[in-house]
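Here is a short report on one protein chain. It begins with a single residue and then turns to the chain as a whole.

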Amino acid sequence: LQATAPWLARMSGSGATSFALYDTPGARDAAQAAMPKGWWTMAGRLRGAKPSATSAPPRPAGSCASWIT
């Protein structure tokens, strides 16, 4: 996930789930597309985040992508 340039990437306590936060939905979607095809992925938006076509929302109300490996 670090290679996809998130502003935050973390792994769950057990290591089974990793997630990353991105400034824009486009960056989130590009990161999701870059994951290996066999990985389960889910992309979403943090609660309270307002979609914006012209600018990134202020942090921490960014976009979120999660992966289970």
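Tyr-22 lies in strand E2, where strands (E, at least two residues) and helices (H or I, at least four residues) are DSSP runs numbered from the N terminus. The model is predicted, so local features need pLDDT of at least 70 and side-chain atom pairs count only at pLDDT 80 or more, while totals for chains, interfaces and linings use all residues. Residues are numbered from 1 along each chain as its sequence is written, and side-chain values use heavy atoms, with hydrogens and water left out.

Is Tyr-22 buried or exposed? Tyr-22 is buried, with a relative accessible area of 1%; buried means under 20%, exposed over 50%, and partly exposed in between (1.4 Å probe, protein chains only).

| Item for Tyr-22 and Thr-4 | Value |
|---|---|
| Separation in sequence | 18 residues |
| C-alpha to C-alpha distance | 9.2 Å |
| Side-chain polar contact | 2.5 Å |

A polar contact is a pair of N or O atoms within 3.5 Å; within protein, one must be able to donate a hydrogen and the other to accept it, and residues adjacent in sequence count only if both atoms are side-chain atoms.

Strand E2 covers residues 17-22 and pairs with strand E1, residues 8-11, in the antiparallel sense over 4 bridges. Strands pair if DSSP finds at least two bridges between them. Arg-10 stands opposite Phe-19 in E2. Five residues separate E1 and E2 in their hairpin, and Gly-15 in the turn has a positive phi of about 85 degrees.

The protein chain runs β-β-α-β-β from the N terminus. Of its 69 residues, 26% count as buried.
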